[in-house]
Amino acid sequence: MPDGSHTTIKEFQVSGPEAGPYSVAAGPDGALWCTLVHEGRIARVTPDGGVTVHGPVPAQPMIITAGPDGALWFTAFTGDAIGRITTAGEVTPFALPEGWGPCGIAAGPDGALWFTRMHAGGVGRITVDGQVSAYPVPGEGAMPSMIAAGPDEALWFTLNQGNAIGRIAPDGEVSVHPLPTEGSAPVGIAAGPDGALWFTGIGAGHIGRITTDGKVTEFPLPDRGARPHAIVAGPGGDLWFTEWATAHVGRISPDGRIDEHPLPTPGSEPHGIAVGPDGALWVALETGALARVAVA
C-alpha cells in the first residue's frame, strides 16, 4: 500500500446477507441510516453499532440522503416512490409514475430533493411537501444513476449507459458531457474539495474528475477490474470510494494519488459510503454489515 493513509476498520452486523445494505448516510441525530434494498426496510445504526430497523418501506429502497427538513429521504427503485423517514422512524411514501425507477437522490441548493429516473431517462425534483417535477435527459437508454449537488448551484449526475456526466440547473436546463473512455459506465458522483465533481467508472476501473466547465480527467485504478461504485469527499481533503469487486475502500487525492485498503471480510460487496457524525467513513456491505473506516 502506498504511503498516504492508514486505517482501522471494524464491521458491525446490521442484517443477514439477504437484506442487502446498499446505501448509507449520516443523519441529523448522530446516527447512520442505511437502506436494506432486498428486505424493503431502513436501518438506523449508532456509531457504537446499535441497530434499529424501520419499515417496511416501498420496494427496493436504494439511495438515502439527509434532507433539508431534518428527515432522511430515499428512493424506492421498483416501488416507484420517494420515501421520507423521520429520525423517530415514521415513514411517508410519495408515489411516482409507474416505470420511473428512481435511483440516486440528493438535497439541492433550492431546498428540494433531486433524484434520477433511471428507467424513464430523466431527473426528478420533489419538494419537502411532496410536489414532484420531471425533466427529460437527452439520449435513449442512458440510465441516469447517482446525483450530487455541485459547487455551482446545479445538480450533477452520472449517465451509466450514456457514458457521460450530466448537469441540471435549478430551472431544469440540462447539459451532457461525454466521457473520453468508452464503457466507463459511471455510477457514483460527489462534489470534491477542489471545486470539481468526482465520479466512479465502474466499467473501466477508474476514478474520474470533471470540472464545472466540463473538462474530464481519468485516473486508472491499479486493478481495472475493481469495479468502483460509490464515492464521497472524506477526511484529509481526499475522496474515498468503494471497490465492489475486490472488497476494498480506496482513497484518491485531488492530484490523483491512489491507495487502497482491504475490508476485513473478503467478498463483502461494498456499495455506499458516507462520512459519519463521528468523522469516520462508513461503508454499506451488501453481505449484511456496515464497516467503520477510521483514518489515522
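Begin at Glu-286. Setting aside neighbours within four places in sequence, Glu-286 is in contact with Pro-17, Gly-20, Pro-21, Val-37, His-38, Trp-244, Ser-268, Glu-269 and His-271. Bear in mind that this is a predicted model. One of those partners deserves a second look. The side chains of Glu-286 and His-38 make a polar contact of 2.7 Å. Is Glu-286 buried or exposed? Its relative accessible area is 14%. Buried means under 20%, so Glu-286 counts as buried.

Now turn to Glu-269. UniProt, in an unreviewed entry, annotates Glu-269 and Glu-286 as "binding site". The two are spread over 18 residues of sequence, yet they cluster in space, with a largest C-alpha distance of 5.4 Å. Of these residues, Glu-286 is included in the lining of the second largest pocket. Glu-269 is partly exposed, at a relative accessible area of 28%. Beyond its neighbours within four places in sequence, Glu-269 is in contact with Trp-244, Ala-284, Leu-285 and Glu-286. Trp-244 is also in the contact list of Glu-286.

Where do these two residues sit in the fold? Glu-269 lies in the loop between strand E25 (258-262) and E26. Glu-286 lies in the loop between E27 and E28.

E27 (residues 281-285) and E28 (residues 289-295) pair in the antiparallel sense, and five bridges join them. Across this pair, Trp-282 stands opposite Arg-292 in E28.

Another strand shows how side chains are arranged. In a regular strand, side chains alternate between the two faces of the sheet. Follow strand E23 (residues 239-243). Leu-239, Phe-241 and Glu-243 point one way, while Trp-240 and Thr-242 point the other way. How many of the five residues of E23 are buried? Five of the five are, and the strand is mostly covered.

Strand E22 (residues 228-233) runs antiparallel to E23, and four bridges join the two. Here Ile-231 stands opposite Phe-241 in E23. The hairpin of E22 and E23 has five residues between the strands, and in it Gly-236 takes a positive phi near 75°. E23 also pairs with strand E24 (residues 248-252), in the antiparallel sense, over five bridges. In E24, Ile-252 is the bridge partner of Leu-239. The hairpin of E23 and E24 has four residues between the strands, and Ala-247 takes a positive phi near 55° there.

Finish at His-206. This residue lies in strand E20 (residues 206-210). At 1% relative accessibility, His-206 counts as buried. What does His-206 touch? Not counting residues up to four places away in sequence, its contacts include Thr-181, Ser-184, Phe-199, Glu-218 and Arg-224. With Ser-184 there is also a polar contact of 3.4 Å between the side chains. Pro-56 is another matter. His-206 and Pro-56 are 150 residues apart along the chain, and their C-alpha atoms are separated by 36 Å.

Key
Residues are numbered from 1 along each chain as its sequence is written. This is a predicted model: local features need pLDDT of at least 70, side-chain atom pairs count only at pLDDT 80 or more; totals for chains, interfaces and linings use all residues. Side-chain values use heavy atoms; hydrogens and water are left out. Two strands pair if DSSP finds at least two bridges between them. UniProt positions are given in the numbering used here, feature names are shortened, and annotations may be inferred rather than shown by experiment. On a 1 Å grid over the protein atoms alone, a cavity is a set of points where a 1.4 Å probe fits but cannot get out, and a pocket is an open set with protein on both sides within 12 Å along at least five of seven lines; lining residues have an atom within 4 Å of a point. Buried means under 20% relative accessible area, exposed over 50%, partly exposed in between (1.4 Å probe, protein chains only). Contact means heavy atoms within 4.5 Å. A polar contact is a pair of N or O atoms within 3.5 Å; within protein, one must be able to donate a hydrogen and the other to accept it, and residues adjacent in sequence count only if both atoms are side-chain atoms.
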